[in-house]
Amino acid sequence: MSDEPLRTDGGRADDGRTNDGQQFDRLPETPADREVEGRASRREVLDWWDERFGVPPETFDGVTFWEKGAGKVWAFAGDVDSPIRIEGLGLTFMRTRQEHWKPTTEAVQRFGADADRNVLRLSPEQAERFVAGEDQELDWDGDWGYLIAAHEIAGEDAPLGVGLYLHGELRSRIPKGRRREF
Amino acid sequence: MEPLERYRPIVDDFDAFLDACERPLPSAVRVNTIKSSTERVTAAFDEAGVGWEQADWNDRVMTVETDRPGNTWPYFHGWVQGQEEVSSLPAVVLDPNPGERVWDACAAPGSKTTHLAALMEDTGTLVANDNNLGRLSALRSNAERLGVSNVAVTNRDARNFSLKPFDGEPFDRALVDVPCSCEGTVRKNPDTFDEWSLNHVHSVAGVQKGILRRAVQATREGGTVVYATCTFAPEENEAALDHVIAEEDCRVVEMDIDIEHAPGITEWEGDGFDDSVRKAARIYPHFQDTGGFFVAKLEVTA
Ligand SMILES: C[S@@+](CC[C@H](N)C(=O)[O-])C[C@H]1O[C@@H](n2cnc3c(N)ncnc32)[C@H](O)[C@@H]1O
C-alpha cells in the first residue's frame, strides 16, 4: 500500500495515546475497481451474504464497507471520507482474505434476522450450550462451514451468532467476551 | 455522606434526600430499538420469569428484578443496555434525528452513545469520543452488542477536538456528558465520597468548562448542545452554564421533560448565575427513586 497518502496530522494526539497505525479504507464497488490487492469488493460481500444466507443485498442499502488491517471488514452506516484514521468505524462485520469468509457474531445478530439459508435452529438447551461457548454433536443436513445459529425467543426466531459445522459437530464461535452461562 | 451537607440550603425535604442517597439503586435497563422493541423485551423477560416495571416518563426504560441483567437473553441479544434510569434522559433531551451528524464528546462506556444511535435509527454519523482508550474499548463492545453501525469512534481530548477527519463541518448536535465528582452515583457506588474534595470539584469544573465550550464551537448555528453531569455541585453545573453563555454564542433553552425535577439555582455561596440557568433540571434521588442528575439544553446562536 505504498500509494497511501502520507498523513501528517495523525500523530497530533492531545494525550499521546492515539494509535497512529489505524486506518480504515473503503471497499471498492466491484472487483474491477480494486486498487489494493486482495481487498474484497462491496459486490463480492453482498453476493456472499446473499448466496450463503439468503440475506438480500437491499439489507445493506445505506451501509458502506471498510477494511482495517488484513481482511477485517467493518460495516458503517454514516458518511466519512476514505481513508480515515480513527479508533472505530461502525461494527466489525466479517473476515475476508481467507479461503472461507467468516461473518462476525455482531453482524449475524444485526443483519441476519432475514437469513433463510444455513440457519441452524437450536433447542433451548442447545442454545444455552452454544452461548456458553461449548461445541456439541448435532445432526444437520445443510452445508458445512460457517452458519448462523438461532433460537426461538418470545415467539420468534432470533440469531444467536456464528457457528462452524464440521463432521457432525457444531462449534460455537461466540467471542469470549460475549459468552454467557445462564 | 458528609459532603452532601453543603446542599441542605438548596434541597427541599433534605432528610428524604439523604435517606434516598443511602438506599441501593434498583437495576434498570433501556430497550435498544435498533434490534428489538419494548413488547419483545418484556415478553422475553416474562418468559424467563424476570419481573420488570416501566418508568413513568419513558416506556423504553425499566427497572428489572434481577441483580444480573447481564445474564438474561435480552442482554445477550443486545436488545437491552443496563443503564440507570436518569442516564436515559440526556439523549431524549438532545433528541437527534435520523441522518444527522452528532458528536458525543465524552462517550465511554457508551450508554448514551448507543441511546443516541437508536434515536437516530442507526443512520447519519455519530462521532463517539473519549480521551480514555481503555474505556473506549468498553464503548466499542457495547456498541457492537447493540448492533450500532452509525458510530465513528475517536480518542481525543474533547477540549481541542478537531473536526478535520469529519470534513471540517460542524455538528448538528452535541452531547456533553462530562467527567464529574459523581455525587449522584452514591447509591450505586457507596465509596463515592472517599475520594471527594472541594479541590477536585474545582479542578474538574475547569475541564468541564473547556469541553462544553469546544462543543458549542463544534456545533452549527441553530444546533443543540446538551450538558449533563451526575453530580449536585453547582460549581460543576450552573457555574459551567453561566461561564459558557458568557464566553460562547449560545443560550440556555427550555426543556420538555416529563420527569420530576427542581430548576437550576441562580445563587451559590455568594456567587450569582445568569437567570436563564433556571431552565436546567436538577434531579434528586428522592424524587422518583433514581440516581442524582443534572441536565441542561443549549441552543447555538452563531
Ligand atoms: C460521565 S463519563 C461518560 C459516560 C458516557 N457518556 C456513558 O453514557 O456511558 C465521562 C467520560 O469523560 C471522559 N473524559 C474525561 N476527560 C476528558 C477529556 N478531556 N476529553 C474527552 N473525554 C474525557 C472520561 O474518560 C469518561 O469516560
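**Notes on the predicted two-chain model**

1. The second largest pocket holds about 480 Å³ of space. A pocket here is an open set of points on a 1 Å grid over the protein atoms alone, where a 1.4 Å probe fits, with protein on both sides within 12 Å along at least five of seven lines. Its volume is the space filled by probe spheres set on the points, which are joined across faces, edges and corners.

2. A word on conventions: this is a predicted model, in which local features need pLDDT of at least 70 and side-chain atom pairs count only at pLDDT 80 or more, while totals for chains, interfaces and linings use all residues. Residues are numbered from 1 along each chain as its sequence is written, chains are lettered from A and ligands numbered from 1 in the order in which they are written, and side-chain values use heavy atoms, with hydrogens and water left out.

3. Which residues lie nearest the centre of the second largest pocket? They are Thr92(A), Thr104(A), Glu106(A), Pro175(A) and Glu144(B), out of 22 lining residues, where lining means having an atom within 4 Å of a point. By type, the lining has 9 charged, 7 polar and 6 nonpolar residues; Ala, Val, Leu, Ile, Met, Phe, Trp, Tyr, Cys and Pro count as nonpolar, Asp, Glu, Lys and Arg as charged, and the others, Gly among them, as polar.

4. At least two lining residues come from each of β5 (91-95), β6 (102-103) and α2 (105-111) of chain A, and from each of α3 (73-76) and α6 (133-145) of chain B. The largest share, 4 residues, belongs to α6(B). Helices (H or I, at least four residues) and strands (E, at least two) are DSSP runs numbered from the N terminus.

5. Between the chains, 44 residues of chain A are in contact (heavy atoms within 4.5 Å) with 42 residues of chain B. The two chains bury about 3,600 Å² between them, 51% of it on carbon and sulfur atoms; buried area is the accessible area (1.4 Å probe) that two parts lose on being put together, summed over both. There are 2 salt bridges between chain A and chain B, taking a side-chain nitrogen of Lys or Arg within 4 Å of a carboxyl oxygen of Asp or Glu. Arg110(A) forms a salt bridge with Asp122(B), with the closest N and O atoms 2.5 Å apart.

6. Chain B is split into domain 1 (2-25 + 85-300) and domain 2 (26-83), with bounds from an automatic or database domain assignment. These two domains of chain B bury about 1,800 Å² between them, 54% of it on carbon and sulfur atoms. On the domain 1 side, Glu85(B), Arg145(B) and Leu146(B) lose the most area, together 40% of what that side buries. The salt-bridge count between the two domains of chain B is 0.

7. Chain A has domain 1 (25-108) and domain 2 (118-174). Their contact takes 9 residues from domain 1 of chain A and 13 from domain 2 of chain A. Together they bury about 940 Å², 63% of it on carbon and sulfur atoms.

8. Some backbone details to look at: Ser82(A) and Pro83(A) are joined by a cis peptide bond with omega about -5°, and Pro83(A) sits in the loop between β3 (72-76) and β4 (88-89) of chain A. In chain B, the peptide bond from Ala108(B) to Pro109(B) is cis, with omega near 5°. Cys182(B), although not a glycine, has a positive phi of about 60°.
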